[in-house]
Amino acid sequence: MLGSELSLQSRGVRRGAALTLVFATVLVTAAATDCWQLDDEKTPSLSASSVAVTAHRDEVTAAAVEAMADGKSGKEAAEEVVSRSDDRWGAVYDQGEYEEFQQALDGEYTGVGLWAKRTRDGRIEVARVQPGGPAELEGVRAGDRLRTIDGRRVEKRPVTEVVALLRGDGTAQAGTSVVLGLERAGREWHETLRRARLATEAVTVQRHADGATLIKVASFTKGSGEQVRDAVRAVPKDHGVLLDLRGNGGGLVTEAVTAASAFLDGGLVATYDVHGSQRALYAEPGGDTERPVVALVDGGTMSAAELVTGALQDRGRAVTVGARTFGKGSVQMPSVLPDGSVAELTVGHYRTPAGRNVDGRGISPDLAVSERAEERARTVLSGLGGGS
């Protein structure tokens, strides 16, 4: 499992997964309003589910108003209502958290510029460091063992918790310090790093001599979809594509649709329902429909990344290799509460082109593998004529 400071997971699975760059976040960006802008007055009809959604939203708002009238925290009251509900992905953020959330979608975050992974024996290691980031400038390298963060042992902790400690629970400002306890080749030492405002590397490309080009999409932040399209256009004619979506927590759905369009010539990407209204997302025309493609997925492939996976699998455009995806196929809409905090509540679900419901189920890969997934994916790609 890989994690980076871009992830905002910090307070359990429910809240953490909601804070990650997920499908829901498209609803808060101007770039995506053509796809997701909602207006109750224009909804053709109110189904029983949409009535329940409206009632849930009103209950959350009423709880916040009542708490504020009593001099209590509206945000905490709203969180209590959401926690008692059946809304698995509902969450409440204060203004600072929500602003950080939106900035992350723009491809920026505050941190030290390192990615962490947990080894089989529970140790936490540095997976890679961001060029020019504080970690690299202070000599931290990929493969270094991360023992402590500000004196707290991290061994056997979930990567999401490690990320939260690195980021200062997502609220730390640029310039604040964090002390890392590190180990390399038996030598232990402490390094004090100062967090900085960094740009994410959402899309990275590696060309290999075996005839495969690996396109790794870490998240669907702003501009990442076009980066994927540009990367596919630049792939040598005799190369196949390994599209690595492992650990991709999702992001802006418009970017995910653009990324899927790199491999499709128009057609359906997904359908979704919001307040009882059925809608659809379509790929842009002109994508590469001939080049062999293998998509790598795992349990960390979530939300908008699952949307891409489902579209390419259902449309017969890619062979999927790895482990079953996470299963986050719901749509959230933000509501601003009286105290300025924001409640994101589930209002619908999306389905793949073949009509599969992803939420709570995930997507099963065509070839399920637990070890050496990339190696197996290369073998599959070679069999498709995309490598040697």
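# Report on a predicted 388-residue protein

Of the 388 residues in the protein, 54% are buried, where buried means under 20% relative accessible area with a 1.4 Å probe and protein chains only, exposed means over 50%, and partly exposed lies in between. The model is predicted, so local features need pLDDT of at least 70 and side-chain atom pairs count only at pLDDT 80 or more, while totals for chains, interfaces and linings use all residues. Residues are numbered from 1 along each chain as its sequence is written, and side-chain values use heavy atoms, with hydrogens and water left out.

The secondary structure comprises 11 helices and 20 strands; these are DSSP runs numbered from the N terminus, with helices (H or I) of at least four residues and strands (E) of at least two. Among contacts (heavy atoms within 4.5 Å) between residues at least 6 apart in sequence, 70% join residues at least 24 apart.

**Sheet and hairpin**

Six strands form an open sheet with mixed pairing, in the order E11-E12-E13-E16-E17-E20. Strands E11 (203-207) and E20 (367-368) are at the edges with a single partner strand each, so one side of each has no neighbour in the sheet. Two strands pair if DSSP finds at least two bridges between them. Two pairs are listed below.

| Strands | Sense | Bridges | A bridge partner pair |
|---|---|---|---|
| E16 (residues 293-297), E17 (residues 319-322) | parallel | 4 | Leu 296, Val 321 |
| E8 (residues 177-184), E9 (residues 187-194) | antiparallel | 8 | Arg 184, Arg 187 |

The hairpin of E8 and E9 has 2 residues between the strands, and Ala 185 there takes a positive phi near 55°.

**Glu 191**

Strand E9 contains Glu 191. Glu 191 is buried but has no salt bridge, and the nearest side chain of opposite charge, Arg 187, is 6.8 Å away. A salt bridge requires a side-chain nitrogen of Lys or Arg within 4 Å of a carboxyl oxygen of Asp or Glu. The side chain of Glu 191 does make a polar contact with that of Trp 189, at 2.9 Å; such a contact is a pair of N or O atoms within 3.5 Å, and within protein one must be able to donate a hydrogen and the other to accept it, with residues adjacent in sequence counted only if both atoms are side-chain atoms. Leaving aside neighbours within four places in sequence, Glu 191 is in contact with Glu 138, Val 178, Val 179, Leu 180 and Leu 182.

**Helix H10**

In helix H10 (residues 304-314), 10 of 11 residues are buried, including Glu 306, Thr 309 and Gln 313. Gly 316 follows H10 and has a positive phi near 65°.

Definitions and conventions
Lys and Arg count as positive and Asp and Glu as negative; His and the chain ends are not counted.
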